[in-house]
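This report describes the fold of one protein chain, from its overall layout to selected contacts. The sequence and the model come first.

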Amino acid sequence: MAELDSLCVATKQTSLPRRGDLPPWYWQTLIVLAYTTGLRRGDLYRIAWKDVDLDRRTLFVSVSKTGVEAELPLHPAAVEHLRRIRDNRKFVFGPMSERTFYSRWRMLKEHAQVNVMPHDIRWTACSEVDNVE
């Protein structure tokens with residue numbers, strides 16, 4: 001999806017971060033993880049570092065909408081991005097208010113000149129999985 005490439009490039013070229021914002025490489029990781037797992041934005045924000053096993057390349061999630069718990073395999077690109085942002089915070093991406101998230105997302109979209117919303121990434125990921133034979 002060319003739009004995702006444009007968004008990743010935009011993370012490097014915009015004025016992010018502002019005080020208290022996630023640095024650009026966190027946004028890149030968020031985009032990669034959203035695409036490779038198909039998780040919803042809210043579920044991505046609830047990922048705690050204790051649920052990430054980079055050595056086994058797995059992610060334990062409890063999906064908020066369904067309550068289903070699962071251990072997901074992590075794509076090598078997602079593992080690489082996660083290793084780069086590993087820190088001492090409790091959550092990988094959160095906490096961030098919905099207002100702040102969409103404000104920054106709008107900035108990235110405008111800079112990348114694409115009209116992609118976070119749920120579009122989920123749909124794309126699900127479509128890709130459906131096309132696997």
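The chain holds 6 helices and 3 strands, where helices (H or I, at least four residues) and strands (E, at least two) are DSSP runs numbered from the N terminus. Along the sequence, these elements follow the pattern α-α-α-β-β-β-α-α-α. The model is predicted: local features need pLDDT of at least 70, side-chain atom pairs count only at pLDDT 80 or more, and totals for chains, interfaces and linings use all residues. Residues are numbered from 1 along each chain as its sequence is written, and side-chain values use heavy atoms, with hydrogens and water left out.

Of the 133 residues in the chain, 45% count as buried (buried means under 20% relative accessible area, exposed over 50%, partly exposed in between, with a 1.4 Å probe and protein chains only). Among contacts between residues at least 6 apart in sequence, 61% join residues at least 24 apart; contact means heavy atoms within 4.5 Å.

**Strands**

The strands form an open sheet in the order β1-β2-β3, with antiparallel pairing; two strands pair if DSSP finds at least two bridges between them. β1 and β3 each have a single partner strand and stand at the edges, so one side of each is left without a neighbour in the sheet. β1 and β2 run antiparallel and are joined by 2 bridges. Val52 has Leu59 in β2 as its bridge partner.

| Strand | Residues |
|---|---|
| β1 | 52–53 |
| β2 | 58–62 |
| β3 | 69–73 |

**Helices α2 and α4**

The axes of α2 (residues 24–37) and α4 (residues 76–85) come within 9 Å and cross at roughly 150°. Axes are lines fitted to C-alpha atoms, for helices over the stretch in contact, and angles run from 0 to 180 degrees between N-to-C directions. The two helices, α2 and α4, are therefore roughly antiparallel to each other (angles over 145 degrees count as roughly antiparallel, under 35 as roughly parallel, 65 to 115 as roughly perpendicular and the rest as oblique).

On the α2 side, the residues in contact are Trp25, Tyr26, Gln28, Thr29, Val32, Leu33 and Thr36, and they meet Ala77, Ala78, His81, Leu82, Arg84 and Ile85 in α4. By class, this contact of α2 with α4 has 8 nonpolar, 4 polar and 1 charged residues. Ala, Val, Leu, Ile, Met, Phe, Trp, Tyr, Cys and Pro count as nonpolar, Asp, Glu, Lys and Arg as charged, and the others, Gly among them, as polar.

**Ile121**

Ile121 is found in helix α6 (residues 118–130) and is buried, with a relative accessible area of 1%. Ile121 and Tyr35 are 86 residues apart in sequence and 5.6 Å apart in space, C-alpha to C-alpha.
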